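Please open the model in your viewer and keep a selection tool at hand.

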Amino acid sequence: MVIATTGDADVLLPPVTSLETGINVSDLLFCRLAELRLGLNTVDDSGFRPVLARSWDHPDSLTIVFHLDPRARWQDGAPVTAADVAFTFRTYRDSAVNSPLAPFLAPIESVTAGDSLTVAFRFRRWYPEQLYDATYHMRILPRHLLDTIPAARLASSAFARAPVGDGPYRFARWRAGAELTVTADTAWFLGRPGIGRLIWRVSPELASAVSQLLAGEADAMEVIPARGQLERVQQSRDVRLVPYPSPFYAGVVFNLRRPPFTDREVRRALTMAVDRRAVVGSVFGPFADVAVGAVSPMQAVWSDSIRQLPYDTAAAARLLDARGWRRGADGQRTRGGTALRFDLLVPTSSQSRQAAAVILQDQLRRLGVDVRIQPVEFTVMEGRTAAGDFDAAFVSRTTDPSPASLLQWWSPGAAANIGGYADPTFQSLTAAALRARTRAGAAPLWRRALDRLNDDAAAVFLFSPRNQAAVSTRIAGVTIRPDAWLATVTGWRVGEPRPASDRGAAGP
Amino acid sequence: MSPWRVAARRFARNRPAVRGAAVVALMALAALAAPLVTADPLAQPDPVRLQDRPPSSTHLLGTDPFSRDVLSRTLHGARVSLVVGVGAALLAVTLGAGVGLVAGLAGRRTDQVLMRGVDVAMALPRILLLLAVLAVWENAPAAAVVVLIAATGWFQTSRIVRAAVLGLREADFVVAARALGAAAPGIVRRHLLPHVAAPVIVSASLDVGNIILLEAGLSYLGLGVRPPTPTWGNMIMDGKDVLLTAPWVALAPGLALVVTVVAFNLAADGLRDALDPRMAV
Amino acid sequence: MLGFVARRLGFAVVSVAAVVLITFLLVHAEPGAPMLGSPERTRASPETVARQRALFGLDRPLPEQLLRYAANLARGELGESFVLHRPVADVLAEAVPNTLLLGGTALVVSLLLGLVIGAAQAARHHSRTDTALGVLTLVLYSVPVFWLGLVLLLVFGERLHWLPVSGMTSAAIHDTLSPLGRALDVARHLVLPAASLALVQAAAFARFQRSALVDSLGAAHIRSARAKGLPERVVLWRHALRGALAPTITLAGLSVPYFLAGSVLVESIFGWPGLGRVTYDAIFARDYNVITAAALVAGVLVAIGNLLADVAVAIADPRVRLDR
């Protein structure tokens with residue numbers, strides 16, 4: 001099966017891989033201890049299925065013991081052992097490797113190998129998502145092949161470009177910038193993958209990638225981000241669109257340290273003046289949903305019952321008047337000689353955000369607020385938001401299945417909390433949610449935290465694109481797990497071409 | 001009759017050149033008049049329903065992915081292309097002529113130093129430098145683009161001017177003027193400049209077309225004058241993803257580019273033929 | 001002659017050094033750290049980014065970085081790509097041959113095409129054919145190369161499906177082909193991008209060739225050859241063309257910057273894995289080492305082109321060698 005992609009992979013080493021294609025490929029070459037099922041339940045044990053670990057138990061509230069499957073082997077024949085798991089944990093946490101995933105492993109105090117098939121994870125405190133943290137972030141690495149390489153040189157080692165893994169697929173060939181091939185391991189211990197060969201083909205231009213798909217030179221694409229291209233695919237009879245809940249949400253984050261955003265009522269007024277449905281509708285048409293808060297449709301806590309500020313320009317105007325921001329003769333609001341205006345950083349990498357920003361600017365102008373759009377390069381925006389040197393920034397977030405990923409961006413003191421949001425109620429709600437023992441107990445607490453975030457108008461949460469993968473009709477058995485579209489590719493098969501009306505199952 | 005009038009006569013007799021000049025004038029007129037006769041190029045009247053509409057009676061060239069009127073944007077784009085093209089060409093020849101004059105008139109040491117510098121500068125990969133600088137500069141105004149393009153493109157002119165000056169230094173009339181006691185600035189102004197002007201004008205006019213294409217290329221990569229200000233290059237960038245479903249978005253600015261550059265090149269060829277008939281073929 | 005070449009080589013070295021220095025300074029003065037992930041999926045926290053900078057030595061003062069880079073360069077070390085985690089030399093070793101293939105093919109095609117058109121025009125000087133071809137070359141010369149690429153892609157790739165739209169090879173089947181088959185596969189992918197580059201430059205060459213050939217056709221020794229009664233074709237091809245040879249080499253050498261600039265645009269449209277695309281990606285990802293090394297390669301190529309051009313001029317006109 002040929003996969004069309006617009007970006008090449010960087011390295012194929014799970015702790016270090018950062019680019020999309022690199023992550024997709026290394027996910028198929030290396031395994032986790034256990035995988036999330038399609039339901040993305042990150043709290044209960046039943047939400048996971050065994051992979052490298054055949055079973056696990058909780059001897060006490062701070063420990064999980066995994067029993068590895070003796071059938072699991074590295075592609076050079078060596079068995080996957082507990083020593084590999086311990087080595088992997090050390091590698092991910094090693095500052096010389098500088099893995100972006102290291103902070104997620106902070107709750108784990110230690111990983112100790114018992115015998116060759118038993119490994120114990122010890123946590124610093126009890127919380128319901130221990131299993132999730134133990135399994136989701138790390139993909140196990142082969143100690144016997146990597147322990148002689150100094151940590152700082154891991155990313156640039158030959159192994160990172162031609163890895164030996166234990167997954168359903170083996171690395172075959174990589175022509176940089178052009179294509180990457182992996183072949184199925186027919187003797188994989190959990191069953192033979194349905195498709196024998198996967199080839200990622202790089203076309204930097206989105207239109208060319210879609211053209212290849214439509215011409216039959218490629219069979220699948222993870223997501224079609226542009227509306228015009230979606231319409232092209234819709235018209236084809238050989239390619240069908242498979243929708244799945246998106247792990248993204250995008251919004252305008254206010255820098256709460258800077259006026260006028262220090263004033264909660266002003267923020268609420270600005271949020272109420274934005275007709276989010278119109279923005280989303282015009283930029284995406286039917287291909288995106290209005291974001292309900294700091295949560296993506298993929299996450300289980302997503303709900304359209306989350307309390308949001310209404311679209312009410314009259315109320316917004318009254319609020320601003322009440323705070324002393326009066327309209328001048330030119331319609332611009334001022335207070336004590338200062339005009340109500342701010343700069344909005346928008347990354348040049350996203351056409352949709354640029355389009356949305358223009359509409360937003362227009363809507364706010366009618367309220368008497370002057371928004372200056374500053375298109376900047378993505379790396380520049382990263383730098384400025386990290387340094388707090390911005391008024392408002394139009395960012396997009398990729399969430400993990402766990403609702404706790406909320407804390408990465410909205411918890412006080414979190415490095416990625418660029419707006420400086422710090423609210424005691426929000427904190428206590430999220431802390432309680434983290435401690436709740438069951439999913440049913442945690443969900444309402446998370447939702448109330450999201451309500452609070454919306455009430456405080458820390459950001460204008462705008463949209464979540466409706467992800468649609470494009471897959472050729474000759475591929476059957478297609479299921480898509482929203483957080484990683486190829487997570488279930490072992491179940492896909494190359495079959496007879498079927499008409500486009502026959503849609504594969506997507507996630508719940 | 002003055003050599004200028006002779007040249008003007010020759011130009012007027014060259015029909016393609018005259019047509020080229022006429023088109024250029026028309027473009028300039030359209031660019032100037034654009035804000036008066038067309039809609040706001042930045043307006044997005046109905047972002048939901050008016051995206052990528054084909055040409056119709058209300059939008060003669062259709063709309064783009066942001067529901068903006070393509071005709072209006074094309075005409076406004078002419079302003080950027082013309083200003084950058086002519087401005088950068090003028091600035092470049094001024095720089096080049098200045099350096100060339102100094103090199104030609106000054107002593108041998110200065111000449112050597114300057115010309116070595118020009119040799120080194122000519123080896124710089126222009127596109128790479130422009131890309132690197134513009135990628136960094138977040139919101140480079142049109143003036144910055146003009147200066148950057150000019151600063152990387154004056155070298156050939158300096159060589160031409162230097163050669164012309166060197167050739168003229170030993171010419172009889174200059175020697176005679178010197179012998180008569182005329183001061184250097186006077187010699188430059190009265191005798192050298194008219195003779196140097198011809199190759200300079202030709203060089204500048206031939207440059208304009210290339211500079212317009214260069215600016216379009218930079219805009220296409222997202223690095224020239226930034227959106228939402230329309231330039232023909234960034235209109236093509238907007239249109240490339242909808243090339244198959246809404247081809248007019250990229251076709252209009254592309255055709256405008258071709259027509260304008262052809263016109264400038266015709267006029268430039270005509271100028272060259274008129275000012276230096278020895279080179280006419 | 002040898003002294004002339006040696007002097008020119010000396011300039012070339014200085015030029016390349018200047019290119020590297022200027023690019024290094026420009027690139028390191030930029031805001032924004034090297035990108036650690038794709039825009040939509042970045043997971044890196046500011047601490048990770050900061051540590052990355054330290055690991056790559058980017059938090060050291062600029063002069064120290066420059067000296068270290070120069071020392072490495074002298075040893076032949078081009079550094080490591082921050083984004084791809086591999087030696088820059090490897091990245092370039094893969095990309096540069098592809099660009100040379102594309103650019104080289106385009107150069108040869110444009111030279112030949114330019115010659116043919118220019119000769120046809122010169123032979124029928126001031127006839128209707130001449131005018132028609134003149135219009136054609138003028139229009140082609142005025143077309144933006146990226147727009148031409150998009151149009152060719154649209155017409156021949158999409159609508160007619162004659163030629164592939166992207167990449168250098170057909171992924172699924174390339175390895176199963178014989179060596180000849182593989183060469184043909186690459187050739188098929190080469191047609192559209194090379195055509196985009198070549199057509200515009202062919203027009204430029206044609207315009208030049210026309211005037212050069214008309215000039216040399218009018219020269220004295222040609223007239224005497226004609227007087228000797230030699231057939232027109234012999235006159236044209238053997239004598240006039242020989243005179244046009246040196247200027248052609250000069251033009252070809254001076255067209256290197258054009259092909260480099262064009263490759264940045266054309267390679268990204270057609271997904272050709274060459275130096276232009278690598279450079280473009282590196283600039284946006286702030287991959288400092290790759291950008292500087294690409295500038296180095298570009299500088300070398302331009303210097304070689306200029307050198308060839310100068311040598312050709314010197315051969316044709318001995319006065320230049322004295323280099324007043």
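Helices (H or I, at least four residues) and strands (E, at least two) are DSSP runs, numbered from the N terminus. This is a predicted model, in which local features need pLDDT of at least 70, side-chain atom pairs count only at pLDDT 80 or more, and totals for chains, interfaces and linings use all residues. Residues are numbered from 1 along each chain as its sequence is written, while chains are lettered from A and ligands numbered from 1 in the order in which they are written. The model scores ipTM 0.82 and pTM 0.80.

**First stop: chain A as a whole**

Select chain A, which has 14 helices and 24 strands. Its radius of gyration is 24 Å, close to the 23 Å that the globule rule gives for 508 residues, so chain A is as compact as a globular protein of that length. The radius is taken over C-alpha atoms, and the rule is 2.2 Å times the number of residues to the power 0.38. Along the principal axes, the C-alpha atoms of chain A fill a box of roughly 80 × 55 × 40 Å.

A residue is buried if 20 or more other C-beta atoms lie within 10 Å of its own, exposed if 12 or fewer, and partly exposed in between, with C-beta atoms placed from the backbone. Of the 508 residues of chain A, 56% count as buried. Two residues are in contact if their C-beta atoms, placed from the backbone, lie within 7 Å. Among the contacts in chain A with a separation of 6 or more, 68% join residues 24 or more positions apart.

**Second stop: helix H1 of chain A**

Now select residues 20–29 of chain A, which form helix H1. How many of the residues of this helix are buried? The count is 10 of the 10, so helix H1 is largely enclosed by the rest of the structure. Among the buried residues of H1(A) are A:Glu20, A:Asn24 and A:Asp27, as well as A:Ile23 and A:Leu28.

Move to A:Val97, in the loop between helix H2 (82–93) and strand S6 (108–113) of chain A. A:Val97 is buried, with 21 other C-beta atoms within 10 Å. Not counting residues up to four places away in sequence, A:Val97 touches A:Pro15, A:Val16, A:Thr91, A:Ala151 and A:Leu154.

Select A:Asn98 next, which is found in the loop between H2 and S6 of chain A. A:Asn98 counts as buried, with 23 C-beta neighbours inside 10 Å. Its phi is near 55 degrees, a positive value in a residue other than glycine.

**Fourth stop: two further backbone features**

Most residues other than glycine have a negative phi, and most peptide bonds are trans. A:Ala457 has a positive phi of about 50 degrees although it is not a glycine. A:Ala457 is found between helix H14 (439–455) and strand S21 (459–465) of chain A, in the loop, and counts as buried with 21 C-beta neighbours inside 10 Å.

Then select A:Pro259 and A:Pro260: the peptide bond from the former to the latter is cis, with omega near 0 degrees. A:Pro260 has its place in the loop between strand S13 (248–254) and helix H7 (264–272) of chain A.

Show chains B and C together: 33 residues of chain B are in contact with 42 residues of chain C. On the chain B side, the helices that each supply at least two residues include H4 (108–122), H5 (126–136) and H9 (184–220). Which helix gives the largest share of this side? H5(B) does, with nine residues. The residues of this side of chain B divide into 26 nonpolar, four polar and three charged. Here Ala, Val, Leu, Ile, Met, Phe, Trp, Tyr, Cys and Pro count as nonpolar, Asp, Glu, Lys and Arg as charged, and the others, Gly among them, as polar.

**Last stop: confidence in chain C**

Chain C averages 79, and 80% of the residues score at least 70. Within chain C, confidence is highest in helix H4 (residues 88–123), at a mean of 89, and lowest in helix H13 (residues 319–322), at 55.

How values were computed
pLDDT is the predictor's confidence in each residue, from 0 to 100.
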